[in-house]
Amino acid sequence: MAALGNPEMLTRKIKLWDINAHITCRLCEGYLIDATTVTECLHTFCRSCLVKYLEENNTCPTCRIVIHQSHPLQYIGHDRTMQDIVYKLVPGLQEAEMKKQREFYQKLGMEVPGDIKGELCNMKTHLDTQHNGDLKSEDPANKEAGDEKAEEDNDYHRSDEQVSICLECNSSKLRGLKRKWIRCSAQATVLHLKKFIARKLNLTSFNELDILCNEEILGKDHTLKFVVVTRWRFKKSPLLLHYRPKMDLL
């Protein structure tokens, strides 16, 4: 009972060194960036490290379990929770990574994608708020006006990096889309496309669909940017995807 009344006894400080093994990538030995987890064993790595590794292997780098005999990239997914934890635990890591990405695009003479710009603006706002100690509650009228302005400024990902897609049907059991050419955010996932197609075709469930690129079934959590980088890197736009009724892999 004495412990419950003493806050100091309930607080335990942990050094970053003690948990480094849980927030670093086994492949590059650096802190996790764009954390990606293997669904079979739940081991996590940097996305770029894992994708490069799986180009030549089909096993987990940590436990060596076979992820999939022929399509291991289908069984990995972005782990946003883990990445958020890493950014919160390691001071300055997120800011440094966003800066690197911005400098990379500028060095190539390319426009910085909207999602990176948004992250940088959000971080700057957050840091400014912390620096100024702005913890005062907002006036209800000002808060309402601010909410309205935020809604007006919301561009629904139009400022994100965009991907042009052609959605073709390769099954006689489904009909083709009237408008098969679409353009959307690179952060959209294969799952979003499944829901879009199911809605347009009046299907009872989006789970009835498979989406393929280069005759390979895509995982539902893959972003379109990931698909372009790993399967369409040296090909011209638009990204050609096919859809068909779901087939169970044995």
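Contact here means heavy atoms within 4.5 Å, and everything below comes from a predicted model.

**View 1. Who sits around Leu167.** Leaving aside residues up to four places away in sequence, Leu167 touches Leu177, Lys180, Ile182, Phe196, Ile197, Leu241 and Tyr243.

**View 2. The largest nonpolar core, with its 24 residues.** Ile165, Leu167, Ile197, Ile211, Leu241 and Tyr243 are the members that touch the most others. Two or more residues come from each of S4, S5, H8, S6, H9 and S8. H8 is the top contributor, giving four residues. Apart from this core lies another one of 22 residues, and Leu32, Cys46, Cys49 and Ile76 are among them.

**View 3. An open sheet of five strands.** Read across, the order is S5-S4-S8-S6-S7, and the pairing is mixed. At the edges you'll find S5 (181-185) and S7 (216-217), each pairing on one side only. Helix H8 (residues 190-200) packs on the sheet, where it touches S4, S5, S6 (209-213) and S8. The direction of H8 makes about 125° with that of S6.

**View 4. Zooming in on S4 and S8.** Strands S4 (residues 162-169) and S8 (residues 239-245) run parallel, joined by five bridges. Look for Cys166 in this view: it stands opposite Leu240 in S8.

**View 5. Helix H3, tucked in.** H3 (residues 47-54) is largely enclosed by the rest of the structure, because six of its eight residues are buried. Those six are Arg47, Cys49, Leu50, Val51, Tyr53 and Leu54. Their cover includes strands S1 (35-38), S2 (44-46) and S3 (76-78), along with helix H9 (224-231).

Technical notes
Residues numbered from 1 in each chain as written. Predicted model: local features only at pLDDT ≥ 70, side-chain atom pairs only at ≥ 80, totals over all residues. Heavy atoms only, no water. Pairing = 2+ DSSP bridges. Axes fitted to C-alpha atoms, helices over the stretch in contact; angles between N-to-C directions. Buried < 20%, exposed > 50% of the residue type's maximum accessible area, 1.4 Å probe, protein only. Core = buried A, V, L, I, M, F, W, Y, C linked by side-chain atoms within 4.5 Å.
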